[in-house]
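This report describes how two protein chains meet in a model. The sequence and structure come first, and the account of the interface follows.

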Number of protein chains: 2
Amino acid sequence: MTSTPADLRAARTPADLHAARTPADLRATHTGPTSGLADGYAQANLIAVPRDWAYDVLLFTQRNPKPCPVLDVTDEGGTTTTLAAGADLRRDVPRYRVWEHGELVDEPTDATAHWREDLVAFLIGCSFSFETALKRADVPLRHVEQGRNVPMYVTDVQCRPAGRLHGPMVVSMRYVPEDLVDTAIAVTARMPAVHGAPVHVGDPAALGIRDLAAPDFGDAAEPHPGDVPVFWACGVTPQAAVMASKPPFAITHAPGYMFVTDVPDTAYVV
Amino acid sequence: MTSTPADLRAARTPADLHAARTPADLRATHTGPTSGLADGYAQANLIAVPRDWAYDVLLFTQRNPKPCPVLDVTDEGGTTTTLAAGADLRRDVPRYRVWEHGELVDEPTDATAHWREDLVAFLIGCSFSFETALKRADVPLRHVEQGRNVPMYVTDVQCRPAGRLHGPMVVSMRYVPEDLVDTAIAVTARMPAVHGAPVHVGDPAALGIRDLAAPDFGDAAEPHPGDVPVFWACGVTPQAAVMASKPPFAITHAPGYMFVTDVPDTAYVV
């Protein structure tokens with residue numbers, strides 16, 4: 001009953017997901033959020049833009065490495081990645097978002113019909129990749145326990161602009177027992193390629209977040225008594241830049257519906 | 001007798017260099033190699049290319065992070081950097097190389113006359129930035145002791161191509177006493193933004209290097225008995241890509257003649 005990344009990319013339903021933990025179910029595909037799945041494997045955010053916008057995106061990632069640590073960039077028109085042999089970026093993300101001039105126009109589970117020859121795809125580190133390390137350090141994951149997507153929030157912290165791209169930083173939030181906050185910081189600080197140490201601990205108002213119960217993306221999580229909100233930079237940030245900067249076209253993953261890679265999460269521990 | 005990065009950028013001669021260690025000599029400028037100088041401050045490689053080639057360069061750095069860790073990228077036409085307030089990238093590198101179609105056409109100490117409005121400049125981490133940390137760990141620096149530039153070699157290891165850019169990896173080499181090699185690895189591994197851990201220890205033939213006494217750039221160093229050659233990825237690699245890929249125009253630093261930043265080298269310790 002081992003689960004491979006290829007199995008998980010292939011699992012389509014919750015029932016399939018469990019079946020996919022055997023190698024026999026490679027062809028089924030998963031369409032739900034991926035938090036708590038693919039234990040031990042890194043997950044990635046996706047943003048694909050026309051070649052004309054690729055420099056802006058790549059420069060934006062270089063100037064904003066906390067929310068946008070780049071793991072791989074395809075060649076123009078490429079649909080494969082060094083992160084997962086045999087994967088097809090047009091269909092192996094559980095759910096996509098398709099953007100025109102900054103507006104969400106479709107949210108398919110297969111983006112093949114929307115893909116263009118001039119697209120360059122960026123795979124960006126995801127904080128789900130350090131959740132296994134948190135669990136091993138006995139830091140509980142409330143959203144996983146509660147069977148939910150992680151909550152994500154648009155902050156009032158502006159990213160450093162790059163060319164035509166600008167926008168606010170997005171963060172993911174995990175409730176952490178107060179006496180384990182230092183552990184959560186130490187564990188995640190060692191994984192900068194998947195967002196690294198938190199950007200903030202405590203008062204959400206410091207990031208311009210009004211109501212933790214009303215996330216901009218994902219699901220609200222329920223805190224336990226003594227829990228403190230801890231915020232990590234999030235790879236949905238490029239989507240916030242798409243909304244703010246309105247490139248003519250982009251395809252991204254849907255928040256929390258990540259591309260599961262073949263790369264062990266430990267490969268990103270420094 | 002303190003020396004600031006602005007003093008060192010301003011020092012023009014060896015005599016000035018010592019004078020520059022006082023704040024009174026800010027306007028003189030240095031034109032020699034910078035190894036062993038600017039203790040405690042990071043140094044950087046430079047490559048500036050026309051905007052049309054900037055994506056190729058930035059993608060090349062993303063795909064080859066060991067030799068090309070990016071510290072800053074200017075906007076098109078920009079001549080300043082976040083790494084040193086008030087510095088002018090057109091004249092504050094001790095010595096430049098000007099390239100046309102992959103050929104070296106000039107090696108001025110001031111590149112202002114060559115600079116173009118369409119240039120994008122990349123500042124890339126330099127291994128001189130970890131030499132202070134090596135010294136603090138009692139790892140001797142033979143080239144500094146011997147008053148020489150560090151030796152650098154073109155290897156037969158090909159970088160991962162990016163767009164129109166391709167070329168071999170360049171390495172710097174330091175002779176390290178055999179019993180201190182582990183220390184040198186441990187110290188530098190913690191500084192990935194300035195090339196991090198060595199790419200090779202020992203036999204130069206493994207990198208296609210024939211003769212350590214005949215470096216491709218910089219000066220040969222003399223080993224002490226029991227020394228082992230240790231090789232680090234080098235920020236001259238983009239220049240090797242310029243030579244191999246022949247962009248119409250580029251300006252780089254001269255190997256070993258680095259841009260001295262205001263950033264403490266400890267800022268790049270993870």
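Predicted model: local features only at pLDDT ≥ 70, side-chain atom pairs only at ≥ 80, totals over all residues.

The largest share, eight residues, comes from α3(A). By residue class, that side of chain A divides into ten nonpolar, three polar and six charged residues.

Salt bridges also cross the interface of chain A and chain B: the rule finds four. One of them pairs A:D75 with B:R63, whose closest N and O atoms are 3.0 Å apart.

The table gives the totals for the interface.

| Item (chain A and chain B) | Value |
|---|---|
| Residues of chain A in contact with chain B | 19 residues |
| Residues of chain B in contact with chain A | 19 residues |
| Area buried between chain A and chain B | about 1400 Å² |
| Share of that area from carbon and sulfur atoms | 51% |

Within chain A, the residues that lose the most area to chain B are A:Y55, A:L58 and A:Q62. Together these three account for 41% of what the chain A side buries.

As to confidence, chain A has a mean pLDDT of 90, and 89% of its residues reach 70 or more. Residues 18-28 of chain A have pLDDT below 50. In the model, this stretch has 30 contacts beyond near neighbours in sequence.

How values were computed. Residues numbered from 1 in each chain as written. Chains lettered and ligands numbered in written order. Heavy atoms only, no water. Contact = heavy atoms within 4.5 Å. Buried area = accessible area lost by both parts, 1.4 Å probe. Salt bridge = Lys/Arg side-chain N within 4 Å of Asp/Glu carboxyl O. Helix = DSSP H or I, 4+ residues; strand = E, 2+ residues; numbered from the N terminus. Nonpolar A, V, L, I, M, F, W, Y, C, P; charged D, E, K, R; others polar. pLDDT = per-residue confidence, 0-100.
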